[in-house]
Amino acid sequence: MNLGLITSFIVGGMLLLSMVALSSRISQNSGNTTLDFVAKSNVSTVSEILQADMRRLGFGVSGTAITSMSATQITFQSTFNTDSTVTITWAYFPTDSVMTTENPDDRPLRRTVNGVVTDIPMVVTNFTLAYTDAAGNATATPANVRNIRVSITCESAFSYGDYYGLGYWEGIITPRAIQ
């Protein structure tokens, strides 16, 4: 057999294998980017709803607007755009699992308005709240809260291989009505 022909087959085979590997990496990267985009979109949606609620915290309420608070839950009052007081609760359940998604880290986040519970359908894997007073010191007293630091992590519902897309948001919310 001709040595040049054998060399051509070897070089051609190596080139074909490298093209297949490159195509596979491009596909993997594209899938991961899509999952990251979905997770970032989800965390953006959750943070917008939460911020809209918390900006209204205390409006039209006499006395202490926050009735209950912890690192994973807050209950507060507002009048929203009504004449009556509305009670709103945001609660995260870090020990419960959501069975409707493939993601094993998905935990329930619930928004309750006057007893009407709404499960947030995004894949929330972490939700924490921290409260500070006017001087910026941590506080556990609802009447002293002036700022609320929120951190939210969302992931994609499904994986690409072993990869779940990731989105993170952190912010400090300063409701005007409790200043």
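Biologist: What relative accessibility does Asp119 have, and as which class does Asp119 count?

Modeller: The model is predicted, so local features need pLDDT of at least 70 and side-chain atom pairs count only at pLDDT 80 or more, while totals for chains, interfaces and linings use all residues. Residues are numbered from 1 along each chain as its sequence is written, and side-chain values use heavy atoms, with hydrogens and water left out. Asp119 counts as partly exposed, because its relative accessibility is 46%.

Biologist: Which residue meets Asp119 in a salt bridge?

Modeller: In a salt bridge, a side-chain nitrogen of Lys or Arg lies within 4 Å of a carboxyl oxygen of Asp or Glu. The side chain of Asp119 has such a contact, with 2.5 Å from N to O.

Biologist: How many salt bridges does a search of the whole structure find?

Modeller: The pair of Asp119 and Arg110 is one of them, and Asp53 with Arg111 is another. Arg149 with Glu170 also forms a salt bridge. For the whole structure, the search gives a total of 3.

Biologist: How many residues apart are Asp53 and Arg111, and which elements hold them?

Modeller: The side chains of Asp53 and Arg111 meet with 2.6 Å from N to O. Their elements are DSSP runs, helices (H or I, at least four residues) and strands (E, at least two), numbered from the N terminus. Asp53 belongs to helix α1 (residues 3-55) and Arg111 to strand β4 (residues 109-113), so the pair links distant parts of the chain, with a separation of 58 residues.

Biologist: Is Asp53 buried or exposed?

Modeller: Asp53 takes part in a salt bridge with Arg111. The relative accessible area of Asp53 is 2%, and therefore Asp53 is classed as buried.

Biologist: Which strands are linked by the salt bridge of Arg149 and Glu170?

Modeller: The closest N and O atoms of Arg149 and Glu170 are 2.8 Å apart. The two residues stand 21 residues apart and link distant parts of the chain, Arg149 in residues 147-155 and Glu170 in residues 166-173, which are strands β7 and β8.

Biologist: What is the value near which phi of Asn114 lies?

Modeller: Most residues other than glycine have a negative phi. Asn114 is found in the loop between β4 and β5 (116-119). Asn114 is partly exposed, because its relative accessibility is 46%. Its phi is positive in a residue other than glycine, and lies near 50°.

Biologist: How far apart in space are Val46 and Ile152, C-alpha to C-alpha?

Modeller: Val46 has its place in helix α1. Its relative accessible area is 1%, so Val46 is buried. In sequence, Val46 and Ile152 are separated by 106 residues, whereas in space their C-alpha atoms are separated by 8.3 Å.

Biologist: How far apart in space are Ser159 and Leu35, C-alpha to C-alpha?

Modeller: Ser159 sits in the loop between β7 and β8. Ser159 is partly exposed, since its relative accessible area is 25%. Ser159 and Leu35 are 124 residues apart in sequence, yet from C-alpha to C-alpha the distance is 7.7 Å.

Biologist: Which residue is 5.4 Å from Thr128, C-alpha to C-alpha?

Modeller: Thr128 belongs to strand β6 (residues 124-132). Thr128 counts as partly exposed, because its relative accessibility is 29%. The residue in question is 57 residues from Thr128 in sequence, and is Ala71.

Biologist: Which residue is 8.5 Å from Phe93, C-alpha to C-alpha?

Modeller: Phe93 lies in the loop between β3 (86-92) and β4. Phe93 is partly exposed, since its relative accessible area is 29%. The residue in question is 17 residues from Phe93 in sequence, and is Arg110.

How values were computed: Buried means under 20% relative accessible area, exposed over 50%, partly exposed in between (1.4 Å probe, protein chains only).
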